[in-house]
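Here are my notes for you on this one. Keep the structure open while you read, and go point by point.

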Amino acid sequence: MLVDATGRERRLVDALAGAGLPMASACPPPPGGARPQLSWFERPAGLPADAPQHQVDPGATLAALGRAVRLLHETPPPPADPTPAATAGVPALDAGALVARAAAEVAGGAVTGAHLADARAHLHPARVVEQLQALLPVLDARHARRPVRPGLTHGGARRAAIWLDGGRLSALVDVADAAVADPYRDLAAMTRDLAGALGPEALAPFLDAYGEPSPDVVRLEFHALLDELR
């Protein structure tokens, strides 16, 4: 599997594996002129959760996904990397930092709006950033009353990024955006993916297995908006 040329994902894979999570093992680039600066990984055991084989028993797959995401969030983050490189280690991103990063990406033209929900498909992504900025004080007030415990998050949690083998997590892939953040960052991305692919009836089994049967709708909406800006 080919990943980013910067090597940042390789460092994140190493950090998450060091924290005890199952990850794909790094391997040398194949012969035949492959660029050596690229990172390559062995194929994990099992299959990604969106593979047709996992749809034979969707209930079991949804439960396995819930447990896998919970395992990620409950894994103690690896120690901070003292390396001065900006891409080293697993960064910590609060809500304000996530919005600031999204605003910079929109301003730089990196966001096309292709992933906006139907209700916002007519909006320029900059308007979605404004909605997020308006939600920040609301989120801060809620966090003051009920503090949020940050955890390891994937940052692109979708079925294709979670490999399952025998009903258990066998590897996380595509972890270039991993960060210590509000776990709802992943819950929002996963519920959007599940609802779009399998329908809203898929959400309850996933959230039950994760252990959050009645999620905070404000936090979920905030992180779902962020997920649209990709």
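1. Let's begin with alanine 176. Setting aside neighbours within four places in sequence, alanine 176 is in contact with Arg8, Glu9 and Leu12, where contact means heavy atoms within 4.5 Å. Alanine 176 sits in the loop between β6 and β7 (179–181). Is alanine 176 buried, partly exposed or exposed? With a relative accessibility of 29%, alanine 176 counts as partly exposed; buried means under 20% relative accessible area, exposed means over 50%, and partly exposed is in between (1.4 Å probe, protein chains only). Also find glycine 89: it is 87 residues from alanine 176 along the chain, and their C-alpha atoms are separated by 11 Å.

2. Before going further, a word on what you're looking at. This is a predicted model, in which local features need pLDDT of at least 70 and side-chain atom pairs count only at pLDDT 80 or more, while totals for chains, interfaces and linings use all residues. Residues are numbered from 1 along each chain as its sequence is written, and side-chain values use heavy atoms, with hydrogens and water left out.

3. Now the layout. The chain has seven helices and seven strands, and from the N terminus on they run α-β-β-β-α-α-α-β-β-β-β-α-α-α. Helices (H or I, at least four residues) and strands (E, at least two) are DSSP runs, numbered from the N terminus.

4. How about overall size? For 230 residues, a compact globule would have a radius of gyration near 17 Å, and the chain agrees with its 18 Å. That radius is taken over C-alpha atoms, and the globule rule is 2.2 Å times the number of residues to the power 0.38. Along the principal axes, the C-alpha atoms fill a box of roughly 50 × 45 × 35 Å.

5. Of the 230 residues, 44% count as buried. The accessible surface comes to about 11,400 Å², and 57% of it belongs to carbon and sulfur atoms; these areas come from the Shrake-Rupley method with a 1.4 Å probe. Among contacts between residues at least 6 apart in sequence, 76% join residues at least 24 apart.

6. Which residues have the most contacts inside the largest nonpolar core? They are Leu16, Ile162, Leu172, Val175, Met190 and Phe206, in a core of 36 residues. At least two core residues each come from α1 (8–18), α2 (58–74), β5 (162–165), β6 (168–172), α5 (184–198), α6 (203–210) and α7 (217–228). The largest share, six residues, comes from α2. A second, separate core has 18 residues, including Ala102, Leu116, Val128 and Leu226. By nonpolar core I mean a set of buried Ala, Val, Leu, Ile, Met, Phe, Trp, Tyr and Cys residues joined through side-chain atoms within 4.5 Å.

7. Go back to the loop from point 1. Leaving out neighbours within four places in sequence, valine 175 is in contact with Glu9, Leu12, Val13, Leu16, Met23 and His154. Aspartate 174 is in the loop between β6 and β7, and it has a positive phi of about 55° although it is not a glycine. For background, most residues other than glycine have a negative phi.

8. Two arginines deserve a look. Arginine 185 is in helix α5 and is buried, with a relative accessible area of 8%. Not counting residues up to four places away in sequence, arginine 185 touches Leu98, Arg101, Thr153, His154, Gly155, Asp177, Ala178, Ala179 and His223. Arginine 120 is in the loop between α3 (95–107) and α4 (125–145), and it counts as buried because its relative accessible area is 15%.

9. Alanine 107 belongs to helix α3 and counts as exposed, at 71% relative accessibility. Its C-alpha atom and that of alanine 126, 19 residues apart along the chain, are separated by 7.6 Å. Alanine 204 lies in helix α6 and is partly exposed, with a relative accessible area of 42%. Alanine 204 and serine 214 are ten residues apart in sequence and 9.0 Å apart in space, C-alpha to C-alpha.
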